[in-house]
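Hi,

Here is the structure I promised to pass on. Have a look at it first, and then read my notes below.

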Amino acid sequence: MYGPDHEAFRETVRTFLTKEVIPHHERWERDGVVDREVWRSAGRQGLLGMAVDEEYGGGGTPDFRYSAVLIEEFARAGASGLALSLHNDIVGPYLTRLANDEQKRRWLPGFTSGDLVTAIAMTEPGAGSDLQGIRTTAVDRGDHYLLNGAKTFISNGVLADLVVVVARTTPEGGSGGQSLLVVERGMDGFERGRNLDKIGQKAQDTAELFFTDVRVPKENLLGEENQAFAYLMGNLAQERLAIAVGAAAAAEEILDVTTRYVKEREAFGKPLARLQHIRFEIAEMATENAVSRAFVDRCVADHSDGRLDAVQASMAKWWATELNKRVVDRCLQLHGGYGYMSEYKVARAFLDSRIQTIYGGTTEIMKEIIGRALLR
């Protein structure tokens, strides 16, 4: 699936991780946020905005395989703090596809350089996977919208300079009455709550956001008014595929770690790997990972060719994340008491991977999407 250019990019990502991320990640986990400068370093290395046009400092290629390479290497490194995939693969498409020329000139150069960190604010205290339950409102006041509401569980919420906010612009419009507004750092009435204390991915800043009579200029409307739901549905397939790619790579990595461990660790006078039960566990997980990898890779290839649909993406997200959760749990068990120690990679993976079956749409929502499509 990957060519020489992708593999050269993989080496760039690995070098960046080795020099700029891994040495600092433990401190970032204690701080609950990464250093701001690492975003700019990622921009200098060409890791931001690979799909953005070159005139704005991007890579100029829509080939999702470059994003897949970056996601895989970050997952294998266990580097959950620096949310480049959120920036590139989730927020990025809204800016590249919906922004007008003036907005692109205003935002994309900072997006690709790392000077502007981005987030998307969909989830609310009372609305998670059900986007039709969004209550944040944006009232038309002529030359601006008056934005009021609250969002929660917003990744990059502390560092973000640009937040794409989903708000209701037509109260009676249902899912057809929502719009996308870009809220910028420093706007009056825009406040950040606490950096949320999560059980995993502790280096990744996740915050509550509050909007109280925020005057958002009409120039910050992204796309057309009342079309947000359609835009969200169109972009969620890539978001879910990105999560699936990371889950598949994480499952493979933790199995590799565990395979090495059972070869070295002895019990009853011989390596664990010589016990039949251990061999069967490794064999089962390796086979499941291979099957998962084949499907996820096909979805990546389909997406790069413009052929990935919502059902495929939902299948990939559901399968890969649930498998990752099972694999990490089984690998922790094979580590015995050491697996419960936080300095071991398997323990950190156990905590970091748990969110994958929840964010981007829960497993239950993925099944509902698939079932509806098959039974309509």
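In which sense do strand S1 and S4 pair, and over how many bridges? S1 (residues 118-121) runs parallel to S4, with four bridges between them. Ala121 stands opposite Val165 in S4.

Before the rest, some ground rules. This is a predicted model, where local features need pLDDT of at least 70, side-chain atom pairs count only at pLDDT 80 or more, and totals for chains, interfaces and linings use all residues. Residues are numbered from 1 along each chain as its sequence is written, and side-chain values use heavy atoms, with hydrogens and water left out. Helices (H or I, at least four residues) and strands (E, at least two) are DSSP runs numbered from the N terminus, and two strands pair if DSSP finds at least two bridges between them.

Back to S4. On its other pairing, S4 meets S5 in the antiparallel sense over seven bridges, and Val164 has Val182 as its bridge partner in S5. Seven of the seven residues of S4 are buried, so the strand is largely enclosed by the rest of the structure. Here buried means under 20% relative accessible area, exposed over 50%, and partly exposed in between (1.4 Å probe, protein chains only). Both faces are covered: Leu162, Val164, Val166 and Arg168 are buried on one side, and Val163, Val165 and Ala167 on the other.

The core has 28 residues, and Tyr94, Ile120, Leu180, Leu222 and Leu232 have the most contacts inside it. H4 gives the most, with six.

S2 (residues 137-140) and S3 (residues 144-155) are antiparallel over four bridges, with Val139 opposite Leu146 in S3. Their hairpin has three residues between the strands, and Gly142 takes a positive phi near 90° there. S3 is also joined to S7 (residues 206-217) by nine bridges, again antiparallel, and Tyr145 has Val216 as its bridge partner in S7.

Of its 20 lining residues, Ala51, Pro62, Pro93, Arg97 and Gln238 are the closest to its centre. Helix H3 (64-77), helix H4 (84-98) and helix H7 (276-304) each give two or more residues to the lining, and H4 gives the most, with six. The lining divides into seven nonpolar, ten polar and three charged residues. For the terms: on a 1 Å grid over the protein atoms alone, where a 1.4 Å probe fits, a pocket is an open set of points with protein on both sides within 12 Å along at least five of seven lines, and lining residues have an atom within 4 Å of a point. Ala, Val, Leu, Ile, Met, Phe, Trp, Tyr, Cys and Pro count as nonpolar, Asp, Glu, Lys and Arg as charged, and the others, Gly among them, as polar.

Cheers

Methods:
A nonpolar core is a set of buried Ala, Val, Leu, Ile, Met, Phe, Trp, Tyr and Cys residues joined through side-chain atoms within 4.5 Å.
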